[in-house]
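This report considers a structure from its overall form down to single residues. Please examine the sequence and the model shown below before reading on.

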Amino acid sequence: MEPILRAQRLRKHYGTGTGLVRAVDDVDLDVASGEALAVVGPSGCGKSTLLHLLGMLDRPDGGEIWLGGERIDRLSETAAARLRRRAVGFVFQAFHLVDELTARENVELPALLAGASPRAARRRAAALLDRVGLAHRAGHLPAQLSGGQRQRVAVARALVNDPGLLLADEPTGNLDTAAAGEVLRLFDELRAEGRTLLIVTHDSRIAAAADRLITMRDGVFVDQTVLGRTGHGTGLGALSGLV
Amino acid sequence: MQDVVLALLAKEPAHGYELRARLQHALGPLGDDLNAGQVYVTLRRLEKAGLVTVRLVGQTDRPDRKVYELTPTGQERVTRWLADVDRAPRPAPTDLYLKLVAAASSGLADPVDIVDAQRRELLRRLADVQRAALAQPAGSGPALLLEGAVLRLQADLRWLDACAAHWADRPRG
């Protein structure tokens with residue numbers, strides 16, 4: 001099957017001479033439609049840079065990126081911005097919600113920017129806030145929400161234009177265990193719905209919720225783990241050694 | 001213990017005292033309980049099993065020293081042990097640590113590769129437990145119980161990351 005996202009010999013270097021950092025160093029990547037992929041690795045391994053390149057937030061020094069069959073690494077700023085709004089949803093570690101807008105207004109915003117009518121935007125925002133379990137918080141400002149709730153609003157916002165690809169950069173990085181659990185549950189539901197997810201994280205827990213996991217070190221992929229889903233394969237025996 | 005001693009001999013032949021010193025150096029305070037007897041008992045067993053041979057090296061003014069050396073069978077066993085992934089629900093950190101020390105000192109395997117293999121194993125386990133946890137209603141008792149297993153596996157995985165970082169910086173330390 002044609003991958004929804006493909007990168008070939010993708011490269012991004014910073015600095016020069018002895019200060020040269022090969023943040024992303026000739027990386028090849030295919031993400032299948034409906035796949036949940038996690039990229040893990042120590043701080044500075046290049047995983048965030050990779051996500052920024054794939055999401056057109058940053059430009060590669062070399063290589064190609066294809067999204068839904070379209071080459072996207074050489075688009076103009078305007079074309080990239082337009083495609084980004086329509087085809088890619090972003091979730092960031094620090095939520096990046098607009099403080100002055102309510103939860104609903106935050107979710108509506110990308111829909112309005114993409115040209116949806118105010119009415120359609122409101123309807124979609126309401127449905128998505130309900131989807132992430134926050135219908136009752138729609139009128140609250142971010143400051144009135146918990147960290148887990150803010151991130152769930154950010155996920156709703158990322159989905160408002162129904163993008164084919166959802167990119168998440170350390171989505172649980174600013175959250176305590178309980179809040180991270182809320183976000184984990186939400187991502188697991190999105191995975192089960194068949195959303196294509198690419199999550200960059202050093203939270204092994206959210207990584208373990210993916211279908212496939214890639215370990216990155218010094219700008220290259222060094223390991224891959226396929227976390228097969230063969231039904232409820234976990235017998236009590238396997239669990240009992242752990243609890 | 002047998003595997004660790006064998007692996008430490010893979011680099012070069014050594015006598016019991018050296019092996020004990022190297023183990024104690026690697027283990028720090030955890031090696032304080034390691035008495036000389038344990039190392040010698042292990043060496044005798046390995047010798048009986050045909051995994052090491054002993055050579056007597058003469059010393060002036062002291063009794064001859066026994067220098068232990070790996071046999072081909074011993075060599076094979078070390079290689080197998082280094083490639084073997086611990087499938088225990090929660091592998092003991094000391095076991096893995098000594099394996100990494102032995103791999104690095106013998107040069108027979110890259111410690112980072114061993115860590116990667118162990119990480120794959122633990123991640124699969126974490127994925128299994130987490131799936132079971134997510135299948136329970138949020139806030140339920142069983143979900144809380146499974147949360148304990150998830151957090152412990154996470155701790156183990158974080159330690160593996162620390163191991164990888166340690167040996168990535170000094171691949172043959």
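Leaving aside its neighbours within four places in sequence, with which residues is B:Ala7 in contact? The model in which this is examined is a predicted one.

## The surroundings of B:Ala7

Beyond its neighbours within four places in sequence, B:Ala7 is in contact with B:Val78, B:Trp81, B:Leu82, B:Ala102 and B:Ser106. B:Ala7 itself belongs to helix H1 of chain B, which comprises residues 2–11.

Is B:Ala7 buried or exposed? A residue counts as buried when 20 or more other C-beta atoms lie within 10 Å of its own. B:Ala7 has 26 other C-beta atoms within 10 Å, and it is therefore buried. B:Arg90, by comparison, stands 83 residues from B:Ala7 in sequence, and the C-alpha atoms of the two are 23 Å apart in space.

## The overall form of chain A

Chain A contains eight helices and 10 strands. Its radius of gyration is 18 Å, close to the 18 Å that the globule rule gives for 243 residues, so chain A is as compact as a globular protein of that length. The C-alpha trace of chain A spans about 55 × 50 × 40 Å along its principal axes.

Of the 243 residues in chain A, 46% count as buried. Among the contacts in chain A with a separation of 6 or more, 67% are between residues 24 or more positions apart.

## Strand S3 of chain A

Why is strand S3 of chain A, residues 36–40, described as largely enclosed by the rest of the structure? The reason is that five of its five residues are buried. In a regular strand, side chains alternate between the two faces of the sheet.

S3(A) pairs with two strands of chain A. Four bridges join S3(A) to strand S8 (residues 197–200), and the two run parallel. Four bridges also link S3(A) with strand S9 (residues 212–217), again in the parallel sense. A:Leu37 has A:Leu198 as its bridge partner in S8(A), and stands opposite A:Arg212 in S9(A).

## The contact between chains A and B

The contact takes 20 residues from chain A and 26 residues from chain B. On the side of chain A that touches chain B, at least two residues each are supplied by helix H6 (177–192), helix H7 (204–207), S9, strand S10 (220–226) and helix H8 (236–240) of chain A. By class, this side of chain A has nine nonpolar, seven polar and four charged residues.

Technical notes. Residues numbered from 1 in each chain as written. Chains lettered and ligands numbered in written order. Predicted model: local features only at pLDDT ≥ 70, side-chain atom pairs only at ≥ 80, totals over all residues. Buried ≥ 20, exposed ≤ 12 C-beta atoms within 10 Å, placed from the backbone. Pairing = 2+ DSSP bridges. Contact = placed C-beta atoms within 7 Å. Nonpolar A, V, L, I, M, F, W, Y, C, P; charged D, E, K, R; others polar. Rg over C-alpha atoms; globule rule 2.2 N^0.38 Å.
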